[in-house]
Amino acid sequence: MNDYAGQHEVISENMTSQITTDLARFVQELKQERKSNFHDGRKAQQHMETCWKQLESSKRRFERDCKEADRAQQYFEKMDADINVTKADVEKARQQAQIRHQMAEDSKADYSSSLQKFNQEQHEYYHTHIPSIFQKIQEMEERRIVRIGESMKTYAEVDRQVIPIIGKCLDGIVKAAEAINQKSDSQLVIEAYKSGFEPPGDIEFEDYTQPMKRTVSDNSLSNSRGDGKPELKFGGKSKGKLWPFIKKNKLSLKLGATPEDFSNLPPEQRRKKLQQKVDELNKEIQKEMDQRDAITKMKDVYLKNPQMGDPASLDHKLTEVSQNIEKLRLEAQKFEAWLAEVEGRLPARGEQARRQSGMYDGQGAPTANSCAQDRESSPDGSYTEERSQENEVKVLATDFDDEFDDEEPLPAIGTCKALYTFEGQNEGTISVIEGEILYVIEEDKGDGWTRIRRNEDEEGYVPTSYVEVYLDKNAKGAKTYI
């Protein structure tokens, strides 16, 4: 799969160097060329608009001068026919008429010139300039089309070069898939995650019809009290270890409080963690010892050849390394003691699991009370301190089967309002927004977490300090605090 992905990286790199870079530069050139062509088109169009305005102006001036000349001619003829008008006034009107006629002739010549010029410009615009601009744009688009075709051919060649290697990669993937052995894989998982617990022994019958006082049998999971009510004890083992199908403690996973001796893990997993820690400490010890030996040799060299350095300058470093070695040895001894304790409890490796009736007793304690004391259920069902007797008895009766049935949603026992925004990023938590109203389905049991529900599909835990809870006193399971 890595080789197959590597060939796709080769394709990507070749496309970048042979296609993408050149195409990006070519696109920029096309943009500039297109911009220039459109600029030339707008410039030619603006020139035609200017010529048209000049033509219209000369035409209106010619029309105005012609009308003025006609009015001046009519005035002259009127003055000439009037016998009461002096000869000087008639001459003046005649001269004015001649001036107007001359102005009309000049306007006519100017209009004719402007018209001829406009027709010539218009002919060049429609038959020369615009066709030339469109031809340039067409040639530009044709070059673009050709370049796209060449890029597609280049991509095909780049892809074709790695096809044989990709074929070998695919053959290797098929071969690796066919070599999968589900049995060995399962065995690897079992070896990696097996707990090391042994099944409990049979529970002995305790005859309560006899008046005599009975003692607790070592192989029983229950402990007899003065009131005759049974109390389940599991020898310090959590419910999650006895019943593997019950959900794990989500809060413990979320809070991540791992003891130094890994006592929260099953025996086999704890042994592996402790062995790993011991190996790491031994490597650090060996590293520090090598460093100490090197400093010692350097000090001997300085003693034999004082000109190379001061031997006393290494004493502080040598002391520091020796102290580190001593600290690491003490740490290693501590973990080795825990490892020996765990290995002493585990059965011989390779030996088949045996049923030991005394597995869940206190291992030498007079009663089961010396093991895990009264435990209480944490939000997901694993044991914590001071669990009531009724809930303990209920564990064996219902929890295992309920995991395989469709669980009925817990009824709401009240509502709550989010005082602050909480980002539920860990397993078992739920995000809330400040001011949001939600349903409470499980109260805080002393661990600082309240279980809430937004809808049928969204529920989880939030810090109790983040919400203000309003419990329904009539709801089933709600508690009243005085």
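**View 1. Phe-422 and Trp-449 are two buried aromatic residues.** Buried here means under 20% relative accessible area, with exposed over 50% and partly exposed in between (1.4 Å probe, protein chains only). This is a predicted model, in which local features need pLDDT of at least 70 and side-chain atom pairs count only at pLDDT 80 or more, while totals for chains, interfaces and linings use all residues. Residues are numbered from 1 along each chain as its sequence is written, and side-chain values use heavy atoms, leaving out hydrogens and water.

**View 2. Seven aromatic pairs are counted in the model.** Rings of Phe, Tyr and Trp (its six-membered ring) pair if their centres lie within 6.5 Å; planes under 30 degrees apart are stacked, over 60 edge-to-face and the rest tilted. Phe-62 and Tyr-111 are stacked, at 5.9 Å centre to centre with 10° between the planes. Because Phe-62 lies in helix α1 and Tyr-111 in helix α2, this pair ties together parts 49 residues apart in sequence. Helices (H or I, at least four residues) and strands (E, at least two) are DSSP runs, numbered from the N terminus.

**View 3. Tyr-420 sits in the loop between β5 and β6.** Let's look at its surroundings. Tyr-420 is partly exposed, with a relative accessible area of 47%. Leaving aside neighbours within four places in sequence, Tyr-420 is in contact (heavy atoms within 4.5 Å) with Val-432, Ile-433, Glu-434, Ser-465 and Tyr-466. Tyr-420 and Glu-434 are 14 residues apart in sequence, yet 4.5 Å apart in space, C-alpha to C-alpha.

**View 4. Helix α1 (residues 2-81) packs with helix α2 (residues 87-178).** Their axes are 7 Å apart, at an angle of about 170°. Axes are lines fitted to C-alpha atoms, for helices over the stretch in contact, and angles run from 0 to 180 degrees between N-to-C directions. The two helices are therefore roughly antiparallel to each other; that label applies over 145 degrees, with under 35 roughly parallel, 65 to 115 roughly perpendicular and the rest oblique.

**View 5. Arg-147 lies over the face of Phe-26.** The distance from the ring centre of Phe-26 is 4.8 Å. A charge sits over a ring if NZ of Lys or CZ of Arg is within 6 Å of the ring centre and within 35 degrees of the ring normal.
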